Structures are given as structure tokens and as C-alpha cells.
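I opened the notebook to look up a few things in this structure. These are my entries.

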Amino acid sequence: MISMKKWKNCVWFLGGVLFGTAGIKVLSSKDAKKCYTHTTAAVLRAKECVMDTANKVQENCGDVLAEAKQINEDRKTKEDVTVGE
């Protein structure tokens, strides 16, 4: 006779197989694919937004760097003129 523990394990195994089979059916359904498509489209839109923001920040950093270099050049020129007097 099958012991209760073995019977319980057998039931768990069969339940897992049944759940797995139903899960595959659900995950490959037309509605699930539509959901995946919409989610992927949203991720692509978010990526585009992040990339636009990153480009703006990079442009601003370039402007700040150029202005900082100009300030240092002006300061150096002014110090050279002051020291030369």
C-alpha cells in the first residue's frame, strides 16, 4: 500500500504538472501576448524619455564646462595683466 507521505507527494506533483500546463496556456494566450506588447511599448517610450533627458543634461554639462573654462581663461588673463604691471 502507498503510504500517506508518498500519496501526498504524488498529489503535489500532479498539481504542479496541472498548474504548469495551465500556466503555459495562459502565458501563450492572445491576451497575454497583447499585454506583453503593450508593456514593451511602454518600456520603449520610457527609454526614449530617459534618453532625451540624458541628452539634455549632457548638453547642459557641456555648456557649463565651456563657461567654466572661459571664466578660468579670463581670470588667468586678468592675473597676468595685474602681475605684469
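I took helices as DSSP runs of H or I with at least four residues, strands as E runs of at least two, numbered from the N terminus. The model is predicted: local features need pLDDT of at least 70, side-chain atom pairs count only at pLDDT 80 or more, and totals for chains, interfaces and linings use all residues. Residues are numbered from 1 along each chain as its sequence is written, and side-chain values use heavy atoms, without hydrogens and water.

Asp80 sits in helix α2, residues 30–84. Asp80 is partly exposed, with a relative accessible area of 47%. I checked Asp80 against Ala68, 12 residues apart along the chain, and their C-alpha atoms are separated by 18 Å.

Then I looked at the whole chain. The protein chain has two helices and zero strands. Its radius of gyration is 33 Å, well over the 12 Å that the globule rule gives for 85 residues, so the chain is more spread out than a compact globule. That radius is taken over C-alpha atoms, and the rule is 2.2 Å times the number of residues to the power 0.38. Along the principal axes, the C-alpha trace spans about 110 × 35 × 10 Å. Buried residues make up 1% of the 85 residues.

Key: Buried means under 20% relative accessible area, exposed over 50%, partly exposed in between (1.4 Å probe, protein chains only).
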